[in-house]
Protein chains: 2
Amino acid sequence: MTEYLTVEQMSDCLFSADNILILCHKNPDGDTVGSGAALCHALRALDKTAAVLCSDPIPPLFSYMEIPVYDGSFEPETVVGVDVASVQLFGANNGVPELASHVNYCIDHHAGNGGYADFTLLDSTAAATAELMVDVIAHMGAEITPLIADCLYTALSTDTGCFKFNNTTARTHMVAARLMEAGARMADLNKLLFETVAKERITAERMALDHLEYHMDGRCALIYLTREEIAESGVDPADLEDLTSLPLKIAGIHVGLTLRQTPTGSYRISIRTLGDVDACAIARRLGGGGHSRAAGCELEGNLDNTKNAILAEVEAVIRESQEGC
Amino acid sequence: MTEYLTVEQMSDCLFSADNILILCHKNPDGDTVGSGAALCHALRALDKTAAVLCSDPIPPLFSYMEIPVYDGSFEPETVVGVDVASVQLFGANNGVPELASHVNYCIDHHAGNGGYADFTLLDSTAAATAELMVDVIAHMGAEITPLIADCLYTALSTDTGCFKFNNTTARTHMVAARLMEAGARMADLNKLLFETVAKERITAERMALDHLEYHMDGRCALIYLTREEIAESGVDPADLEDLTSLPLKIAGIHVGLTLRQTPTGSYRISIRTLGDVDACAIARRLGGGGHSRAAGCELEGNLDNTKNAILAEVEAVIRESQEGC
């Protein structure tokens, strides 16, 4: 059982600690890396030994955070999980499983946090862990330097789609204001994080748009990419995740479908819906799952069979919802 | 000569006024409409007669603002220009020229404001007129209702690309926080304003991407749309404006070119550059103009000639800048 702490208590604990290892979650994103890096810089400014470690490579995109990566040069006395909701999410590489076998502190904003650490600072109303981290750092008495502001702005903006997602609150904007006053290089960061697309990603998007189909009187839009196209474009498959939001952006569309063929030939189907259509209900009929507005499943079969199968289930769920079943 | 007022002075003046006509600028955007509508709702809540007028139709997209449009039912005693930088920008329709012949008050954030009104509240450090309007309304003693918050949030977010553009400041985020606390329906508004694209626009974008070309060792990207394609897609030409930002989003690109053929056959060329290349210098060589990062020109001639002409000038400017001329 974990013990839940306030921001002030967590700050006091970290202020008393030393030789601190900060662990990010696997498949690292802007929040885990940015909040972790910010904490590390703050602890070092307080003359502590601290470093960051992640099971997966930290994207080169984040190099401006000047992250002190753990290189084994000190024996961790204190282990802190940042933005990590469960032990499984620490990942299996870089010696992380051993180092994460006993986690002293956890700072997180995921409602489903398992409480794996001895002490946890959890606030699931925060749009990003950065919203908590800024207070933790300030309460330790460390300055929010321009570098720390850059790290936290990255965390905040990436977790909220640059203040566009529904998790954005008044507090999110208050923290953004504070970080900008502290010198966050908003313009450069926004260009880098939100206004830059790899050439290969643009090629893949062009291919997907060339396949754009409308179904159900223009209420459903479908795009797809075959494994040959994905290979030809040269795109990093991880870069295709946000392609799944494209079909639903089209005016009048209630169900957006994105089919991506895997290297083995099956199709991963991403289902995105507006509030009146249950994406998870559609996915479940085909052995998948997810949330009410974003769900997915994977089907074996050729493209035509896959399209027919998913479209039939979309139609069935829409019909049922209209019949009030 | 206009007299410049503080927020408090402008509030006091409007509080003392009645039968107020609020004028937006032509080609109305979210800031002029949202700030104007917010002021109108606030004045009406203070039991004043007030209405909004624009020379051009207000986009149906903004219908949720419940804008009281001026219908001639009262004789304006007080005329207020909102987000209008010069008399020319009032436009020529809907009887606006007569009504704008004497403007009592102006509330604006454009540095180039001509000072055409008797009294002006101008702050060019504001990302949007909404940043001033929220204070004007509050100082009049009117409540920032959820409807007014929606209007001002629209103004603020559209003028900053949802807090992504370089004009965004700490104050912008502070105002956003205040509007969210006042009940702005951020999630619905963001979906409507930033996450919805017309089918015709997607079709045009697909066509443009099919023409994507790279030049100068991948440092220049070019897209184009012929008048036949624009007609075939059915897109509203106004909806193609933000297409001009697409080429520059591609990683490694320093010059993004967008060529759109006009109904008469000439090509409008939009030039977007990163900081090290002067877009205006390129445009000026072809009789155009603009700013250092965004400029444009228009050329007669067929597609190939036009492409060759603009690419030659891009190359010349890049070469000169490298030679330090």
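A word on naming before anything else: helices (H or I, at least four residues) and strands (E, at least two) are DSSP runs, numbered from the N terminus. And keep in mind that this is a predicted model.

Now switch to chain B. Find the loop between α1 (7-16) and β2 (20-23), where B:Asn19 is placed. Again, not a glycine, and again a positive phi, about 50° for B:Asn19. Is B:Asn19 buried or exposed? Buried: its relative accessibility is 18%, and the cut-off for buried is under 20%.

Next, the two chains together. How does chain B lie on chain A? Take a turn of 180°, with a shift of 0.0 Å along the axis, and chain B lands on chain A with an RMSD of 0.1 Å. That is the relation of a two-fold axis. Which residue of chain B comes closest to that rotation axis? B:His173, with its C-alpha at 2.5 Å.

On to the interface. The contact count is 40 residues of chain B with 40 residues of chain A.

How much area do chain B and chain A bury between them? About 3400 Å², and 67% of that is on carbon and sulfur atoms.

Then the polar side. Between chain B and chain A, 13 residue pairs are in polar contact, both residues at pLDDT 80 or more. The salt bridge rule finds 2 across this interface. Here is a pair to click on: the side chains of B:Lys164 and A:Glu195 form a salt bridge, 3.4 Å from N to O.

Which elements build the chain B side? Those giving two or more residues are α6 (170-181), α7 (186-194), α8 (199-210) and α10 (246-249) of chain B. The top contributor is α6(B), with 7 residues. B:His173, the residue closest to the axis in chain B, has a number inside the α6 range, 170-181.

Last item, composition. Sorted by class, the side of chain B that touches chain A has 24 nonpolar, 7 polar and 9 charged residues.

That is my tour. Over to you.

How values were computed. Residues are numbered from 1 along each chain as its sequence is written. Chains are lettered from A and ligands numbered from 1 in the order in which they are written. This is a predicted model: local features need pLDDT of at least 70, side-chain atom pairs count only at pLDDT 80 or more; totals for chains, interfaces and linings use all residues. Side-chain values use heavy atoms; hydrogens and water are left out. Copies are superposed by least squares on the C-alpha atoms of residues with pLDDT of at least 70 in both. Buried means under 20% relative accessible area, exposed over 50%, partly exposed in between (1.4 Å probe, protein chains only). Contact means heavy atoms within 4.5 Å. Buried area is the accessible area (1.4 Å probe) that two parts lose on being put together, summed over both. A salt bridge is a side-chain nitrogen of Lys or Arg within 4 Å of a carboxyl oxygen of Asp or Glu. A polar contact is a pair of N or O atoms within 3.5 Å; within protein, one must be able to donate a hydrogen and the other to accept it, and residues adjacent in sequence count only if both atoms are side-chain atoms. Ala, Val, Leu, Ile, Met, Phe, Trp, Tyr, Cys and Pro count as nonpolar, Asp, Glu, Lys and Arg as charged, and the others, Gly among them, as polar.
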